[in-house]
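Subject: Structure handover

Hello,

Here is the structure for you to look through.

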Amino acid sequence: MTQAATIPPGALSPPGGPRRTLAQAFGWAVFALVLLWAWKGADMRPLDLWKDSGNMKVFLAEFFPPDFREWKSYLREMIVTVHIAVWGTVLAIVCAVPCGLLSSSNIVPWWVYQPVRRVMDACRAINEMVFAMLFIVAVGLGPFAGVLALWIHTTGTLAKLFSEAVEAIDPRPVEGVRATGSSAIEEIVYGVIPQVMPLWISYSLYRFESNVRSASVVGMVGAGGIGVILYEVIRGFEYAQTCAVMLIIITFVSSIDLISARVRKLFI
Amino acid sequence: MSTGSSLSVRGLSKSFGAPQLALSSVDLDIRPGEMVALIGASGSGKSTLLRHISGFVAADAGSGEVKVGERTMQSGGRIARDIRHLRTEVGFVFQQFNLVGRLSVMTNVLAGLLTRVPAWRSLVMRFTREEKAEAWRALKSVGIENLAWQRASTLSGGQQQRVAIARALVQRARIILADEPIASLDPESARNVMEILARINREQGITVLVSLHQVQFARRYCVRTVALRLGEVVYDGPSEALDAKLLRNLYGAAVEEMLDGTETIDAVMNDPVVAEGLRPAAASA
C-alpha cells in the first residue's frame, strides 16, 4: 500500500500506450475510399434488384417445378463428377506430401523451400477452370482433363496446408528420433508424419469435398461430368432442368460434406 | 554384456554469438563404464555440453574435439560427416522425454533400432518378431512392458522417461547422455528413473553422463561429479566431497537453486537408503 502511494499518478500506463492516432483515422478513410472506388468498378446497381423484380419472379417461376425426366443421365454424370474429384484429390495428396515437406522451413533449407513454394503458389493461383481449358487442348474433351485440372490446383493448395502443419510441429520428438542415429527420412516418418497426420487427413477430406464442387464446374468448359449437362441446359434456357441438375448437385455435395465430417472425427 | 564407451572432450567452446561463452574451453574425460553427474545452476552449460557431445550442435569454429570411444563426433567446430551413424552409439535421454505421442510405446522403442533395419522396412514401420522381442525385453527391463501397446502420450512422465531409456537400450547405445532426465518428474518417478540409469550402468556397463539440477541426486547415484559454472568446469572429482560449503564456494548465491528444499529433495533426503548415501558427505563437512 505504501509502495503504491509512492508511485506517481499515471506511471502505471506504459510509455507510448494506447492513443487514438491520426494513423488509425487515416486507415479508415482509405478503407472508405476503396469501398467507394470498388462500387463504381463493380457496377453496383442495387436498385435494379427492386426495379426488375417482376422479371426476376418470372425467371424464378420457370425453375419450378424441377424437370427430372432425364434424371438417369444426371445421376450418371454426377457420379462421373465424383469420380473426377476422387482421382483429382488422390493424385494431389500423393504429390502434396513430398511437395509439402519440401516447402517446410523446418525440414529443408531455404534454397529448397523457397522455389518449391513458388511453384506451389503458381499451381494454386490459377483456377481449376483455367487449367481445365488448357488440359482439354492437351488431352481432349472429357473427365480426364478435369482430373488433371483438379490435380494441379489441389496439389498447390494441399502442399501449402501440409507444410503449415509441418512447420507447427513439436521439434522435440523429432530430435528424439534423431538421437537414435536414424536417417533424415526415418526422422520424418517417425517424428514428423505421426504428428501431422490428423491435420493432413482433415485437410485432404476438406479438399475432396470442395473438389466435388469444383468438378461440377470444370465440366462447364467441357471437362466431363455434370457440368457439361448444366452448361447445356442453361444455354438451352431449360430452367426446369437446370433446377433438377442443381438439386442433384446440392444433394451430393451436402451428403459428401456430412460423410467426410464423420470420417474426419474418427481421426482427430 | 556390452561394454561402455569412453568419452573425451577437448577444449570445447561455444559462444552462440553472445560475448558470454556458453561453453568455455571445456575438457572432460570419462572412462568406459563410469556413471558421472554433471551439475550446475540453470544456464551453466549442462545441456549445451551434452548436445555438443551428441553432435546436435557444432562448437565454435576451430574449437575443440569430442570423441566417443575411437569415433570423432565433431572437431574444430565441424560435426562429423557420418554423425547420424555415429549417434547410434550415443543414447540420449531428454528432460521432456521427446517421444512421439501419437505412436505406440512399442513403436517409440523400435525407433531405437532403425539403424539396423533395412530402409524399405523401417519406412513402412514393419519390424520382425525378433526386433519386437528385443524392444519388449527393453521395456521389461525398465518395468513397463504392460504398456507396450498404449499410445505414448497416455503415459505419465515417469513412464515416458522409462520408454525413452528403453529406446536407448534397444539402440544398443554404449554411452547414455541424460539431459536433466528427472527435472520434470515427481520425486518417486525421479528416484525410479535414476535407479534404472544406475542399474543399466552397473549391470550392462554402459557409460552414463547425467546432468542434474540438484546436487543430492548426484551424491546419491554417481561416484564422480563434474560441476559447471558459466560454461566452465569448476569441479571434477568425487561426488561425496561436494558438500554445501564447497558448493557455496563454487556457486555463491546461485547455490540455493541447487540445494533448495523442494519436496523432491525432501523425499529423497527422508529416504533411509538415500540418507545412508549422504552420510559420508555430511561427515566430511
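A:Phe31 is partly exposed, at 45% relative accessible area (between 20% and 50%; under 20% is buried and over 50% exposed, with a 1.4 Å probe and protein chains only). A:Trp28 is exposed, at 63%. Both sit in helix 2 (residues 22-41) of chain A, three residues apart, about one turn of the helix. Helices here are DSSP runs of H or I, at least four residues, numbered from the N terminus.

This is a predicted model: local features need pLDDT of at least 70, side-chain atom pairs need 80 or more, and totals for chains, interfaces and linings use all residues. Residues count from 1 along each chain as written, chains are lettered from A and ligands numbered from 1 in written order, and side-chain values use heavy atoms, without hydrogens or water.

Rings of Phe, Tyr and Trp (its six-membered ring) pair if their centres lie within 6.5 Å; planes under 30 degrees apart are stacked, over 60 edge-to-face, the rest tilted. That gives 12 aromatic pairs over all chains. The A:Trp28 and A:Phe31 centres are 6.2 Å apart with planes at 75°, so this pair is edge-to-face. A:Phe59, A:Phe63, A:Phe237 and A:Tyr239 make up one aromatic cluster.

B:Lys14 lies over B:Phe16, 5.1 Å from the ring centre. B:Arg220 has its charged end over B:Tyr221, 4.8 Å from the centre of that ring.

Best wishes

Note on methods
Helices (H or I, at least four residues) and strands (E, at least two) are DSSP runs, numbered from the N terminus. A charge sits over a ring if NZ of Lys or CZ of Arg is within 6 Å of the ring centre and within 35 degrees of the ring normal.
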